[in-house]
Amino acid sequence: MAEAINFFIFDTIKIFILLAVIIFIVSILRSFIPPKKIRKILSHKYQFTGNFLAAAFGIVTPFCTCSAIPLFLGFIEAGVPLGVTFSFLIASPMINEIAIALLFGLFGWKISLTYIISGYLIAVISGLIIGKLKVENLTKNIVQQDTKNLSLNFLKPTWTQRLNFAKNYTVKIILKVGPYVIIGIGVGAWIHGYVPTNFMVKYAGGNSWYAVPIATLIGIPLYSNAAGILPLASVLTEKGVSIGTTLAFMMAVTGLSLPEFLMLKKVIKTKLIIIFASIVGIGIILTGYLFNFLLK
């Protein structure tokens, strides 16, 4: 219980601070960069180029899933294609400089490089598939509706106007997604406190064919960033869990988390969340099998 309560309090405070700071900063930046310019950069005439750029941008932004969502919403508002926005959302929490540094320190450069390449490809390919499915009708457009009166209507807004816009926008988004964040972190805290490490070793250890899918499914309800989950990944490999299974678990925790789904539920329909989770989940499972095959 102490572990669960500590996790809940710490992560709730951390996520709300991160959300507030990131949304505020992004709102200020948006006042300098017109939505049309963002759309032009990421809506390249060759569709895959936008996915490559968005995934690369995700790598250089060290966000967890919940912290990456404000930028994801900003891309949607700017009219960036939905598949491109998902490439960013997948890459940002899964691959960043913290994950790369820790992976290199714990597992060496070969595994670190393979993880980066596979994570990047998952983000690009998943975004391309979602884009091809033409599921824009599954977005709720709630953010656009609720913030239509918060847009800057000045050709050259002053700093006071920019700050007021950023403050109002931040408050609006926090009030909308706040309850979902609390519920999601609460579930993650309970799992963190009451599901022991040996549970993973017991059901996803060894070299059985079902180890990777089980590890992926176990990872989805959990919530952590790369820095938080990598030490656990190291412990799991020491206890005999294969490297592919461990990294599939890590990808599921960072790239597919329950708090993320609950926050996305506010702006996209459940069907699209299922499509997103299924495509990324399959990519993670295939990557886990590949790691196990290459690194026997």
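1. A crossing of two helices is called right-handed if the near helix is turned clockwise from the far one by less than a right angle, and left-handed if it is turned anticlockwise. This term is needed for the helix pairs discussed below. The model under review is a predicted one, and the crossing of α7 and α15 in it is right-handed.

2. On overall composition, the secondary structure of the protein chain consists of 15 helices and zero strands. The chain has 296 residues, of which 51% are buried.

3. On confidence, the mean pLDDT of the protein chain is 77, and 72% of the residues reach 70 or more. Which helices mark the lowest and the highest confidence in the protein chain? The lowest is helix α8, residues 142–146, with a mean of 46, and the highest is α15, with 89.

4. Over residues 142–150, pLDDT stays under 50. The model does have 18 contacts beyond four places in sequence for these residues.

5. Two packed helices are described by the angle between their axes and the distance between the axes. Helix α7 spans residues 109–133 and helix α15 spans residues 270–294; their axes come within 10 Å and cross at roughly 150°. Why are the two helices described as roughly antiparallel? Angles over 145 degrees count as roughly antiparallel, and α7 and α15 are therefore roughly antiparallel to each other.

6. Which residues form the contact of α7 with α15? On the α7 side they are I111, T114, Y115, S118, I122, S126, I129, I130 and L133. On the α15 side they are L272, I275, F276, I279, V280, G283, I284, T287 and F291. The residues of this contact divide into 13 nonpolar, five polar and no charged.

7. Helix α7 also packs with helix α13, residues 243–255, at an angle of about 45° and with the axes 12 Å apart. At this angle, α7 and α13 are therefore oblique to each other. The crossing of α7 and α13 is right-handed. From α7, the contact involves I111, Y115, S118, G119 and I122; from α13, it involves I243, L247, M250, M251 and T254. How many residues of the contact of α7 with α13 are nonpolar, polar and charged? Seven are nonpolar, three are polar and none is charged.

8. L121 is another residue of helix α7. With a relative accessibility of 40%, L121 counts as partly exposed. Although L121 and T287 are 166 residues apart in sequence, their C-alpha atoms are 9.9 Å apart in space. T287 belongs to the α15 residues that meet α7.

9. K134 lies in the loop between α7 and α8. Is K134 buried or exposed? With a relative accessible area of 60%, K134 is exposed, since the cut-off for that class is over 50%. Its phi is near 55°, a positive value in a residue other than glycine.

10. Helix α12, residues 226–238, contains L232, and I229 also has its place in α12. I229 is buried, at 4% relative accessibility, whereas L232 is partly exposed, at a relative accessible area of 26%. The class of each follows from the cut-off, because buried means under 20% relative accessible area.

11. I229 and M250 are 21 residues apart in sequence, and their C-alpha atoms are 6.5 Å apart. M250 is also one of the α13 residues in the contact with α7. L232 and T246 are 14 residues apart along the chain, with 9.1 Å between their C-alpha atoms.

Notes: Residues numbered from 1 in each chain as written. Predicted model: local features only at pLDDT ≥ 70, side-chain atom pairs only at ≥ 80, totals over all residues. Heavy atoms only, no water. Axes fitted to C-alpha atoms, helices over the stretch in contact; angles between N-to-C directions. Helix = DSSP H or I, 4+ residues; strand = E, 2+ residues; numbered from the N terminus. Parallel < 35°, antiparallel > 145°, perpendicular 65-115°, else oblique. Contact = heavy atoms within 4.5 Å. Nonpolar A, V, L, I, M, F, W, Y, C, P; charged D, E, K, R; others polar. pLDDT = per-residue confidence, 0-100. Buried < 20%, exposed > 50% of the residue type's maximum accessible area, 1.4 Å probe, protein only.
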